[in-house]
Amino acid sequence: MKLDRNVALFSLLACLAGLAAADEGMWMPQQIPTLAPRLAALGFQGDPEAFADLTGQPMGAVVSLGGCSASFVSPDGLIVTNHHCVVGALQYNATPERNLLEEGFLARTREEELPIGPGSRVHVTTEVSEVTGDLARRLTPELSDRERYDVVDRWVKARTAACEKDGSRCRVSPFFGGLRWFEIRQLEIRDVRLVYAPAAGIGNFGGETDNWRWPRHTGDWSFYRAYVGKDGKPAPFSKENVPYRPAHWLPVQPAGVEEGDLVFVVGYPGRTQRHQTWAEVKETAEWAFPRFVLGAQEQIAILEELGKTDPELKIKAAGRVRGLNNSLTNRKGQIDGLVKGGILARKEANEKALAAWIAADPARQKEMGDVLPALAALQAESEKTRERDAAFQALFTSSSMLNAAHSAHLFAVERAKKKDVDRDPAYQERNWTRIREAQERAQRTIDARLDKALLAWAMPQAAALPADQRIAGLDKLVGLTPGMTKADSDRAIAVYLERAFASTRMADKDFRLGLLGKTTAEIAAAKDP
């Protein structure tokens, strides 16, 4: 694709391609050619068809870091991404004496580039194909919901396994709420190194002041480089590895953008919720997001206070604090958009119009009349236990050690199954190396002081649950009962945490890694609290 002064291509944020200015929005790249007339009217002089080829120029230059989007910007594997996307790499290499999180980093030579730790990945898309028809042939009207789920689950696993036989990393993913399915084949590069990150005063200038907004006034960029073996194939970190030579990279426009220029933002999203019902969106706007905002603020305050006591602890908590702040700003903005921006009201009006359209025709009523009421009933049922479910989840999101123990247990459960296809997707053999790498990397951030403080924040939420929504195992473990005063439950929690953290070995890397090879009985025999 030819780039001129009227077009600037960025690959920094969300997935699908988005038009900025008055027509901003999100599209799958394959949809961009249908916008050709509108693009021409906006001054676009390239070929819209180029966007539909995810392995050509420019889309082939866009890569995934497994949680962030990025782009190749040189023939020698140089990658640009957001500053917050390299916080983990800075944290992994930081020490109180050389705090890269504050100072930033610059490799003046290739030899100075820093490995960013186990589990680091760059995913380069090599093939994308729609597979909706293959699934549709397997789904018949007489299948029950459970049977349908099982058919989809087995099909996804089978296609993924077949796709990965050549060493690729593959995903079979639904789009538009499962209306369409795509198989995405990627080259998985495992040697990733930090090249440059600005100091915090530049990369995170102003903190959250204008995060998730445009224009931004921060130097919100950093650079990695991807390395492979001398044979050009992905390989673990080695000093013998050489820079990856991408087939495509983005040329940089030194002049930048001007008022009225057309801008595309390209990347890999986690998920979208545009197909949720009004009741689901209402719960998000009025309960889930406000609850998250309050919890994030409380956790940030706890972590920042702990960070004042020890420079090393501040470094260990830095990634979590940055992530909480990032999500906090996002959720606040979404609440404003949903409520003040009128999105929730429009969602309700659209759903009422849909219900009226269905009811206006006997044939439609017969075919679809029970769908919206059935979805509403499911939503109402889930809301009955949402406080308990959220309190339960908070235990695991707050504690790295509890999460690691839980992962080890699930790994033992799934590993005992003879056939890989019967295992939970997260614990199939294709992910075993990643599971171990995650625990190796966690050693740079895990700390009993952080865990203890955050569990002391999370457990009272469970202690306050009504009698019909108790977490029985936790009650028994800690000595909690329905109706306890807050003072009594806080004392019980404090006593339990003192006892548990006095004897747990979950902060020891060798112990954690050792659990991953044990059976559930052997894990229980370790008697770690």
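## Helix packing, cores and backbone features

In this predicted model, helix 15 (residues 448-463) and helix 17 (residues 486-503) have axes that come within 10 Å of each other and cross at roughly 145 degrees. The crossing of helix 15 past helix 17 is right-handed, and by class their contact comprises 10 nonpolar, 1 polar and 4 charged residues.

**Contact between helix 15 and helix 17**
- From helix 15, the residues Ala448, Asp451, Lys452, Leu455, Ala456, Met459, Pro460 and Ala463 take part, and they meet Ser489, Asp490, Ile493, Tyr496, Leu497, Glu498 and Phe501 of helix 17.

**Nonpolar cores**
- The largest nonpolar core holds 35 residues, of which Leu395, Met459, Leu474, Val478, Ile493 and Leu497 touch the most other members.
- Leucine 474, when its neighbours within four places in sequence are left aside, is in contact with Leu395, Met459, Ala462 and Gly479.
- A second, separate core consists of 30 residues, including Val63, Cys85, Ala89 and Val228.

**Helix 5**
- The end C-alpha atoms of helix 5 (residues 145-163) are 27 Å apart, which agrees with the 27 Å that its 19 residues should span at 1.5 Å a residue.
- Val152, Trp155, Val156, Lys157, Thr160 and Cys163 are the buried residues of helix 5, and what covers them includes helix 4 (132-136), strand 9 (169-175) and strand 10 (180-189).

**Glutamate 414**
- Glutamate 414, found in helix 13 (residues 400-415), counts as buried because its relative accessibility is 10%, and the cut-off for burial is under 20%.
- Not counting residues up to four places away in sequence, glutamate 414 touches Asp422, Arg423, Asp424 and Tyr427; the C-alpha atoms of glutamate 414 and tyrosine 427 are separated by 6.4 Å, although the two residues are 13 residues apart along the chain.

**Backbone features in loops**
- The peptide bond from glutamine 57 to proline 58 is cis, with omega near 10 degrees, and proline 58 lies in the loop between helix 1 (36-41) and strand 3 (62-64).
- Phenylalanine 176, in the loop between strand 9 and strand 10, has a positive phi of about 55 degrees although it is not a glycine, and is partly exposed with a relative accessible area of 30%.
- Tryptophan 212, in the loop between helix 6 (200-203) and strand 12 (222-228), is likewise not a glycine and has a positive phi of about 65 degrees; at 48% relative accessibility, tryptophan 212 counts as partly exposed.

Methods: Residues are numbered from 1 along each chain as its sequence is written. This is a predicted model: local features need pLDDT of at least 70, side-chain atom pairs count only at pLDDT 80 or more; totals for chains, interfaces and linings use all residues. Side-chain values use heavy atoms; hydrogens and water are left out. Axes are lines fitted to C-alpha atoms, for helices over the stretch in contact, and angles run from 0 to 180 degrees between N-to-C directions. Helices (H or I, at least four residues) and strands (E, at least two) are DSSP runs, numbered from the N terminus. A crossing is left-handed if the near helix is turned anticlockwise from the far one by less than a right angle, and right-handed if clockwise. Contact means heavy atoms within 4.5 Å. Ala, Val, Leu, Ile, Met, Phe, Trp, Tyr, Cys and Pro count as nonpolar, Asp, Glu, Lys and Arg as charged, and the others, Gly among them, as polar. The expected span of a helix is 1.5 Å times one less than its number of residues. Buried means under 20% relative accessible area, exposed over 50%, partly exposed in between (1.4 Å probe, protein chains only). A nonpolar core is a set of buried Ala, Val, Leu, Ile, Met, Phe, Trp, Tyr and Cys residues joined through side-chain atoms within 4.5 Å.
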